[in-house]
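Hi,

Here is the model I promised to send over.

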Amino acid sequence: MDLAVGTPDADVARLKAQVRDTARNEPGVYLMRGAHGEVLYVGKSTQVRTRLLSYFRLPWPEHRHARLLRETSRIEWEPHPSEFAALLREVRLIRAHLPRYNVRSARPLDKWWVITIGRGPAPRLRIQRASAAARSREVAQVIGPFASRRPLQDALRVLNDALGLRDCGDRVRMHTTDSAELFEQTHPALQRTPGCHRYETRRCLGPCIGATSEYAYRAQLTRARAVLEGRDDTPHQHLVREMTVASAALSYERAGWLRDRLTALQEFDAQLARVREALTRPSFVYAVPGRDGDDRLYLVRHGRVMAEARCSDPDAINALQAMERAPAQAPTGAMVDQLDELLLVESWFRGRNGADALAADTVVGALEKLATHVRSAGLAAERQGG
């Protein structure tokens, strides 16, 4: 129904009647769609009917969700067997639609920062919101997530200076020597001048003025990736040597400046270590008891949910076992389109005591733990009933 037809109050009353008559109190997700079918909001609840009806009691126009109802022409909901299943579905729907009424607290990618490496002859290390990186087609690699932007700025400034990487904006055109025009090579007087002082102070290779080749620049970019992946600490060693020389020359102001730069890199390394730990975490299978016996197994690999199977479906269990046995190479950087799932898994196991008790190294182990849990829950219910 187009909201341009009829009155907003009549549309809200129609939606309320629909929810009251057909929704059930069970775990699930719900979508609120606009007049043209666009997704305005995605939410989840362990009791969908109660949650949806609560929207109709909010004061209008003061409350944001009351205003949302006036823009909604259709509400859809889908049941799920558990809260974990509903959370996973919610994350994937928000990632797919990025609804404008889902504020940052409900859009995981909006809360986090990542470092991206772009494309082109002279890519730069860039700090972006994870949500912006997910929408970009120019991103070749992603490192993260990080909770704060400021430490990233300080550390990348040091890393760029150490390796000669550019930090200018995307609008600055690059002119490497192996792609420069013949006219410019033949007439040095007409060559470009750098757009900033970093080239003159030997902190940038100068790809904007054709002072370096694409090959040489990419070699330094490869070194930067190695630093970000924990395989190279050359910039740290260089700063330590410079700091030692400055101290020996009684240049304490410079030594202090170098110490601050080294500290920025070291703090950055600590954040990177936490990211790498999450990404390289071994695979495990998580068993989740479901409503009405709809129990599920989830294969979690490198902090993300790779596949799931209903325990009542032998073919799905066999497929999950085949995927479990298949070798998988650990990623060196987060996949931004799955970063929100990594965050979901991290927060779920960190915030719920006992969740690890239903996790096992194999599908068989998870099934055994689930059977033990179901038996214990049944005995507890019998004792309460008796």
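Below is what turned up, starting with a sheet and moving on to some aromatic rings.

First, the ground rules: this is a predicted model, where local features need pLDDT of at least 70, side-chain atom pairs count only at pLDDT 80 or more, and totals for chains, interfaces and linings use all residues. Residues are numbered from 1 along each chain as its sequence is written, and side-chain values use heavy atoms, with hydrogens and water left out.

The sheet is open and antiparallel, with 4 strands in the order E9-E8-E7-E10. (Strands are DSSP runs of E, at least two residues; helices are runs of H or I, at least four; both are numbered from the N terminus. Pairing takes at least two DSSP bridges.) E9 (304–310) and E10 (359–360) are the edge strands, each with a single partner, so one side of each has no neighbour in the sheet.

Phe84 and Trp348 sit edge-to-face, 5.2 Å centre to centre with 65° between the planes. Phe84 is in helix H4 and Trp348 in helix H12 (residues 339–351), so this pair ties together parts 264 residues apart in sequence. Both residues are buried (under 20% relative accessible area, 1.4 Å probe, protein chains only; exposed is over 50%, partly exposed in between). Phe84 and Trp348 also belong to one aromatic cluster with Phe284, Tyr286, Tyr298 and Phe349.

Cheers

Key: Phe/Tyr/Trp six-rings, centres within 6.5 Å; stacked < 30°, edge-to-face > 60°.
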